[in-house]
Amino acid sequence: MLRLYTEVGMHRLEVVTCGLYLLLLLGTTRGQDDHHILRLHNDIIKNNNPKVRPVKNSSDTITVSLQLYLLSMSDFDEVTQTVTANGFFLVIWKDEFLTWNASEYGGVSEISPDYGMVWRPYITINNVVDSVEPLGLDFGIMKVTANGIVNWAPGDTFKTFCQMDVTNFPLDEQECTYSTFDWGNTLKEVDLKPINNSIGLDLFNANSQWDIIYTSAQRVVLETSDMPHPFINFKMTLKRKSSLVILTILLPVMMLALVNVVVFLIPVESGEKLSFAITVLLSFMVSLTFVTGLLPQNGDTLPVFTIFIVGQFVMSSIYVFLTIWITQVFYRDAAIRPVPSWMGRIIRAWERCIFGTPAVGNQETLTQERMSKDSWNPPSVTWKRVSRMMNKLFFCLFFMLFIITTLIGFLKIAYF
């Protein structure tokens with residue numbers, strides 16, 4: 001038994017000894033790497049001048065490659081036409097002064113120097129709203145390889161101006177641009193080119209109101225003060241998620257416009273015809289005020305939807321005037337002011353052409369018709385009959401107008 005305990009104890013001692021040896025070996029290797037990295041910083045980074053372009057021949061041009069990565073889009077303000085997004089740029093160039101032989105430094109092929117000790121381009125977004133300043137002045141992650149390739153990733157929150165076209169609101173698409181350039185250097189000194197022909201969306205968090213359906217990156221050269229400057233325009237096309245807008249704004253306004261036409265189906269005798277028309281008119285006024293507050297204050301484009309609401313507001317005002325006139329005609333006394341003969345002929349013609357049969361007259365007229373069937377004369381047209389005919393005619397006319405204008409507006413928003 002004692003011998004068994006002795007063997008188990010020796011086995012455990014061997015395991016602990018091996019573990020301590022491995023830890024010591026790893027610590028020694030790590031210490032050697034730290035030593036080589038420190039020596040590399042002292043030999044190369046410490047003596048580097050970040051204010052000098054990293055080319056051995058001053059006539060050479062530094063080619064800087066750019067890639068924009070978006071992380072999120074925190075705000076899209078239609079009123080001020082601004083887009084606020086979070087992201088970072090991947091900036092790559094070659095520094096001819098920061099090269100070394102990795103075998104001379106213990107195989108160290110990459111270091112992370114203080115970005116303030118390395119030359120870097122002043123990458124700037126041209127169309128920012130608040131203040132124009134280079135990126136990464138306070139913070140930036142930088143990696144330098146043994147062959148002089150520098151990888152720099154400055155991140156920030158970008159609040160940029162985006163010219164909006166709200167003609168097809170709420171089914172609109174917007175194109176926003178991040179116009180980047182190197183502040184202080186011309187094309188002869190620093191040239192910019194995109195790494196990919198798109199914006200990186202691998203880490204992007206989806207927005208609740210907009211979808212990014214297309215991105216692109218394009219290099220252009222602009223002349224300023226007779227000096228060429230390279231620009232890279234990162235463009236993204238945004239499509240509005242219209243479901244909420246349709247349910248909360250578009251559909252209620254459409255239903256209100258449809259209800260507005262129904263005013264001509266309400267009998268004058270009910271006494272609610274005029275009050276109904278005025279109530280709908282006030283509802284349109286409130287809706288117009290609410291929707292106008294949601295749309296951008298942009299004088300360049302006018303939404304078709306706004307034109308539709310204004311048109312329905314005007315039509316509602318016309319309905320009020322027509323309702324007043326129809327009510328006045330209904331209660332007009334034919335004994336004092338009889339219906340003109342030409343108006344009677346027009347009413348009978350409309351009844352035959354539109355409705356197929358003449359409108360039913362009053363009880364007295366029907367009795368006279370039964371008394372003389374052989375010598376039948378058309379019943380006399382009363383003001384009430386004119387009023388009812390005008391109600392039917394206006395309902396058919398404005399209902400067709402509502403259908404046509406709605407279809408035209410929908411087709412314009414959805415397809416044109």
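This is a predicted model: local features need pLDDT of at least 70, side-chain atom pairs count only at pLDDT 80 or more; totals for chains, interfaces and linings use all residues.

Student: How many helices and strands does the chain have?
Tutor: The chain has 7 helices and 11 strands.

Student: Let us take one residue. Where is T82 found?
Tutor: T82 is found in strand β2, which covers residues 82–94.

Student: Is T82 buried or exposed?
Tutor: T82 counts as buried, because its relative accessibility is 5% and the cut-off for buried is under 20%.

Student: And which residues is T82 in contact with, leaving aside its neighbours within four places in sequence?
Tutor: They are D75, F76, D77, V129, K159 and T160.

Student: Now the helices. At roughly what angle do the axes of α2 and α7 cross?
Tutor: The axes of α2 (residues 243–261) and α7 (residues 383–415) cross at roughly 160 degrees and come within 9 Å. The two helices are therefore roughly antiparallel. The crossing of α2 past α7 is right-handed.

Student: Which residues make the contact?
Tutor: From α2 they are M254, A257, L258 and V261, and from α7 they are F395, F398, F399, F402 and T406. By class, this contact has 8 nonpolar residues, 1 polar residue and no charged ones.

Student: Finally, what percentage of the chain is buried?
Tutor: Of the 416 residues in the chain, 38% are buried.

Notes
Residues are numbered from 1 along each chain as its sequence is written. Side-chain values use heavy atoms; hydrogens and water are left out. Axes are lines fitted to C-alpha atoms, for helices over the stretch in contact, and angles run from 0 to 180 degrees between N-to-C directions. Helices (H or I, at least four residues) and strands (E, at least two) are DSSP runs, numbered from the N terminus. Angles under 35 degrees count as roughly parallel, over 145 as roughly antiparallel, 65 to 115 as roughly perpendicular and the rest as oblique. A crossing is left-handed if the near helix is turned anticlockwise from the far one by less than a right angle, and right-handed if clockwise. Contact means heavy atoms within 4.5 Å. Ala, Val, Leu, Ile, Met, Phe, Trp, Tyr, Cys and Pro count as nonpolar, Asp, Glu, Lys and Arg as charged, and the others, Gly among them, as polar. Buried means under 20% relative accessible area, exposed over 50%, partly exposed in between (1.4 Å probe, protein chains only).
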